[in-house]
Amino acid sequence: MSYLQKHSDITRSRVNNFVNDNQWKDVNIQSVLYNLIMSGEPHVELEMWSAPGQERPPFEHAVKQQFRPAKVGQMLGPSWTTHWFRVTVRIPKQFVGLPVEFHFDPSCEAMVWSAEGEPIMGLTGGNGGERHVEYLLTSCAKKDEEPRKFYVEVACNGLFGNGDYHQHPQDRAIYYRLSSADIVSPNKAAWSLYYDMQVITEMANRLPRESPRSWQALAAANDIVNVFEHSDLSTIDKARGISDKFFAVESSPASHQVYAIGNCHIDTAWLWPFAETRRKTARSWSTQLKLMEDFEEYRFAASQAQQFEWLKLDYPSLFKRIQEKARSGQFIPIGGTWVEMDCNLPSGESLARQFLLGQRFFKQHFGHTCDVFWLPDTFGYSSQLPQIVRLAGAKYFFTQKLSWNNINKFPNTTFRWIGLDGSSVLTHMAPAETYSAQCRPGELIDSIKKHKDIAYSNESLYLYGNGDGGGGPLRAMLERMRRMADVDGIPRVKQAHPQEFYEHVSKTARELVSWKGELYFELHRGTYTSQSNNKLWNRQSEFLLRDAELLCTIAGFGSAETEFEYPAEEFTRLWKLVCLNQFHDVVPGSAINMVYRDSDKIYEDIIASANSIRQKALASICRLKEPKFQTGSKGLAVFNTTGWMRSDIAAIPVSLYSQFADLDGAVQIRNHDNTVLVPISNVPGCALQPVSSNIARIMRHPEHPACVTQSDSDTFILENRFVRVLFNGKGQITSFYDKKERRELVPKGSVSNVFELYDDVPLFWDAWDIEIYSLEKYKTLNGAVVVIVDKGPLVASISVRVPISDGSVLTQTISLAEHSPRLDFDCEIDWHENRKCLKVAFTWDIYSDFATYETQYGVVQRPTHRNTTWDMAKFEVCAHKFADLSEFGYGVALLNDCKYGHSTLENTMALTLLRAPKAPDEHCDMGHHRFRYAIYPHTGTFNESSVVREAYQFNVPLMQLPIEIPPGNEVANNRPFFSISGARNVVLDTVKRAEDDQQSFIVRLYEAYGGHAQALLTSRLPYSNVSKVNLLEEPINDSEDNGISALAHSKALEIAFKPFEVVTLKFTI
């Protein structure tokens, strides 16, 4: 007789104890999982060679080294070192007729290699849920087995790096113990019962108590415990008969359908460096290939073309095996991007290159591009992604990260995501709310309970497998998955390609809901700011490559007289590096210090190469063989790489000072660095402007010079013909007056350029998070010393020294040029804080419910109030080169050269400058920083302003080459190589050579403000044909009218733009 209904909790505890590895393991199911276990010589012979330092030598090198005897129990290390084991196994006669496994547990990660050098499978040691230490030697041992020899490559790091990164630096020296090297024979029948019980007991625990199926599961589990006797192995089959009867009850055809896909989300860098990721990929993916041999229904998806390329380079035979499994449909390349990138910080062009590089790689090596954009772990999703995804040949999107929101629960699961321009992608967020599910009934139950759109679609995706550090699905997961495929009480499960899920939803779902605009992530807001220098170099790399590609295209296509060779392979290499560093734990600032040491070297490489290419291209345009300064040159060649005419103050080489010295008012020596400043006037967009010996004709003579005065001990005034700005003795703005509009911008009683130091102690994720409560605790920092630096006539400036603490100080040079109302702030900081956050705030006499922030290929508007929890959650937001606060008739933009964290509350705009988290990089942002921001006042609303152009100019200085070009030389003709007219809201963003056609070049433009446009594009480069293409440079044949028309008797093209549309054109010679 059973009383389980009367004491169900006791019975549940009983059956749980029967399964678990606990104090009862000598009598429960754990006691019979293995037939035999043997270790030590002569059965297992171990020899070891340790690689020097942190080297990761290949197999071919390692096996040639001197190996020495090793034994179980010895310590391996320190962290990040590599140790190779040569293993000889002699299977004892007791194992004849039995399956035999080798269990090798180094307490860290490892890879099994055949004696011939073939990577076989990865191992994960330790006692965590990711543990996987078994390597099958034979499914049935024979008599007189020959000794088996193979190698194990041990990496002294765990699946998640080097211990608890919240508590300890990842560079610390940890030693790992070789805890086992055993020959083992598993009892297959006992393991099968074990997997049965894992599923049945969890169904009993997780199904609603009022569910009859929950009671049936509890009864079956209890009956199995009653039947089982550890000393009588025949009872295992009897117990399995009970479980078979339970699993024979199938699910209803109308029940929820789960599409399951194995994966092992591998962070391309995070708690380990890039070099370890290359090995993690091989360990994880080789393991999955072994599982596919035993589970023919198994489907496994892997993203990130970068990881595939590393595998192709480092493990070519493994890569070929993956290609074979891809052809059979079991191994599924997915995602379409180079890495799983951050989607907040990279520019629009960077996102385009992620897809261009990724889709091209998958097409080349797997025969097709990817329809599913796969990004399960990124910290928010830009509102331009739907358009970019569609232009990159994909149409579906998967994530789950918004389930982490810590203020509002995102309201949708399966929906149509509509971007800035109106493009849409079918989007799904796994209701199990994880990408590393463990194949347990409770997770499938959550796939129903947490599905917010089940009224419209009775399907969901389910991602399972150990992730972040790789690993992937384990055998136990696949065994449980088989049992859960079609059993009453939980959703039906099928292993499937994710695309099958999306296609089924597209065909069968009722009217799905839509979400318009960005998918803002209500967490990890600190990633807009952490690792400040990394973000600076990212911005610089993006603009340098933009300029370099433009100049190389002009140099290569602009004249038949030049023999300039477009460096296509180098550009591809550099863009791969830029995209690599935009992985969602690198550029956001959430990786360990080792990663940033690597990324610093990568950026140094990118910036040096891109600068060299720019100089060579500009020299070629100027008809120079080498980009060297001309000794004794009497002029400059200035190139404007933006798409519009501009005037600016240029900093020129000191060697040219004598050519300008006689021009009164047209030259200035900047005091703090002795740079020679000269005004350059009306340089056409995408054009070369020679500044020759007839310099007076070209130069601007400022009629209204910039000046600075000190009216009393505490008041400093910067002034030009546009504005007058007053500063107090603390370096704060007390008045910002627009002379033409006769308008005061600073409210009475307020000040701007106020530095605020906040406590920055988040709840858990140190480098990731800024929490809303941090806004409650801060102090204002006052400048201690204000001095006049430059008195004009071209630039007037003051310097402000702001002590932050005993260990940190900020020095700021505030400048006003004679030709613009823009006020520039050049900051240098020695920063040595502990969990503090530095912001600068500006309060304006402007009233608006919304502020405008730049995003990729456009702008987004966000509230300046906190009426709802959704508004409140956006207390810190991401923007690129500017944020703008405007009302009817007037506005102010806050520009920057490398900062991304912004906020606007009512009429106060703030820019987040620096943070000081201590994990996972204990040195994050410590040291010297230099960055710039600016205030740009403008008449009209944002849509009527030139803020977009001003922000570009703030980030892209005029290029120059000291060279005198004789008058009459064709190069001296400053006609634009590209020009846009008739639409000031259209931006020329990218010019490059076509990927697969040396006779074609690409021009990419976008509408920046959110309105329609008819733009005229003229190219000075020769071409015979132009076509509209997507981001992959494939023809777009959406209709006969593609919005492009050639004007009669003209080389101009008229291009129609919809709001925020990205247009890519291919010009063929």
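A cavity is a set of points, on a 1 Å grid over the protein atoms alone, where a 1.4 Å probe fits but cannot get out, and lining residues have an atom within 4 Å of a point. Volume is the space filled by probe spheres set on the points, which are joined across faces, edges and corners. The model is predicted, with local features requiring pLDDT of at least 70 and side-chain atom pairs pLDDT 80 or more, while totals for chains, interfaces and linings use all residues. Residues are numbered from 1 along each chain as its sequence is written, and side-chain values use heavy atoms, without hydrogens and water.

**View A. The largest cavity, of about 290 Å³.** Its 25 lining residues include Ser-347, Gly-348, Lys-881, Tyr-952 and Asp-989, the closest to the centre.

View B. Strands β40 and β41 (858-863) each supply two or more lining residues.

**View C. Helices α8 (residues 316-328) and α9 (residues 348-366).** Their axes, lines fitted to C-alpha atoms over the stretch in contact, with angles running from 0 to 180 degrees between N-to-C directions, come within 11 Å and cross at roughly 85°. The two helices are therefore roughly perpendicular (65 to 115 degrees). Phe-319, Ile-322, Gln-323 and Ala-326 of α8 contact (heavy atoms within 4.5 Å) Phe-361, His-365 and Phe-366 of α9.

Terms used
Helices (H or I, at least four residues) and strands (E, at least two) are DSSP runs, numbered from the N terminus. Angles under 35 degrees count as roughly parallel, over 145 as roughly antiparallel, 65 to 115 as roughly perpendicular and the rest as oblique. On a 1 Å grid over the protein atoms alone, a cavity is a set of points where a 1.4 Å probe fits but cannot get out, and a pocket is an open set with protein on both sides within 12 Å along at least five of seven lines; lining residues have an atom within 4 Å of a point.
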